[in-house]
Amino acid sequence: MNSITLKINADKLIMSALREDISDEDVTTNAVMPEYKKGTVELICKQDGILAGIEVFKRVFTLLDENTEFDIPVKDGAEIKKGEKLGTVTGDIRVLLSGERTALNFLQRMSGIATYTHSITELLKGTKIRLLDTRKTTPNMRIFEKYAVRAGGGGNHRYNLSDGVLLKDNHIGAAGGVKEAVLMAKAYAPFVRKIEVETEDLDMVRDAVEAGADIIMLDNMSHEMMKEAIEIIDGRAETECSGNVTKENIKALADLGVDYISSGALTHSSPILDLSLKNLHAV
């Protein structure tokens, strides 16, 4: 995540997180450190995993004090190991103490998503399947969570409702059917937008193909039904498999030959990666 992205899209969210943690003052820090003193603290990895969010981690501290310094050579996407010292943060001890939890919350959450995503992409090695996330993200954390998916080797589905056309069951119900929904989307959406249709049975698949959908999602279908659906589609649309996809069952889907597998679990069920700031001392 580069500095431009941080300033334009992330700074206000990081500041909101800081305000959540410091509504008035950091009483504990102000009690033990009433005046400026320069210090340094070490960033330690406590679990094996994939790092994501290091620039967000740094930004927490620089928003509190732009003079905070970092010696953290490791980059997002890197494999990190339990017990590894990832680097140091140096600056006003009051800033190091007050920003610690917010910075770690971002880094642990994002690294956890990257780690879980990486573990699933490893299961898809040797296939042409692209692993995607969904919009099942934590409110106000989407920019960070979807970035973490990419850092772990996955890809992003649409970012938000303005980003593409995905006709789900209730859209289809509102339109009166798959064909009607696709035709209405084609008439409304710019021609550069692909139209994706969520299907739940083979009749819906046939209707989506006939209506000229660009992508057909096979949602919560049995393995056998998905195989039959792919035969019906016969290359006339890109294919996506979705519905309760997890690390435990994704391997069984790899033989289907779909173009994409999407999983909400990447963002809603990834455990954090344990990281900590230790050994704070004055310099």
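This is a predicted model: local features need pLDDT of at least 70, side-chain atom pairs count only at pLDDT 80 or more; totals for chains, interfaces and linings use all residues.
Local features need pLDDT of at least 70, side-chain atom pairs count only at pLDDT 80 or more, and totals for chains, interfaces and linings use all residues. Residues are numbered from 1 along each chain as its sequence is written, and side-chain values use heavy atoms, with hydrogens and water left out.

Start at strand β1, residues 38-45. Strands (E, at least two residues) and helices (H or I, at least four) are DSSP runs, numbered from the N terminus. Seven of the eight residues of β1 are buried, so the rest of the structure largely encloses this strand. Buried means under 20% relative accessible area, exposed over 50%, and partly exposed in between (1.4 Å probe, protein chains only).

β1 pairs with strand β5, residues 85-92, in the antiparallel sense over seven bridges. Two strands pair if DSSP finds at least two bridges between them. Here V41 stands opposite V89 in β5. β1 is also joined to strand β12, residues 275-282, by six bridges, again antiparallel. G39 stands opposite A282 in β12.

Now take helix α4, residues 93-123. Of its 31 residues, 22 are buried, so α4 too is largely enclosed by the rest of the structure. α4 has a kink of about 50 degrees centred on E100. The bend at a residue is the angle between axes fitted to the seven residues ending there and the seven starting there.

Finally, the cysteines. C45 is buried at 1% relative accessibility. C241 is buried at 2%. The whole structure has zero disulfides, a disulfide being a pair of cysteine sulfur atoms within 2.5 Å.

How values were computed: The expected span of a helix is 1.5 Å times one less than its number of residues.
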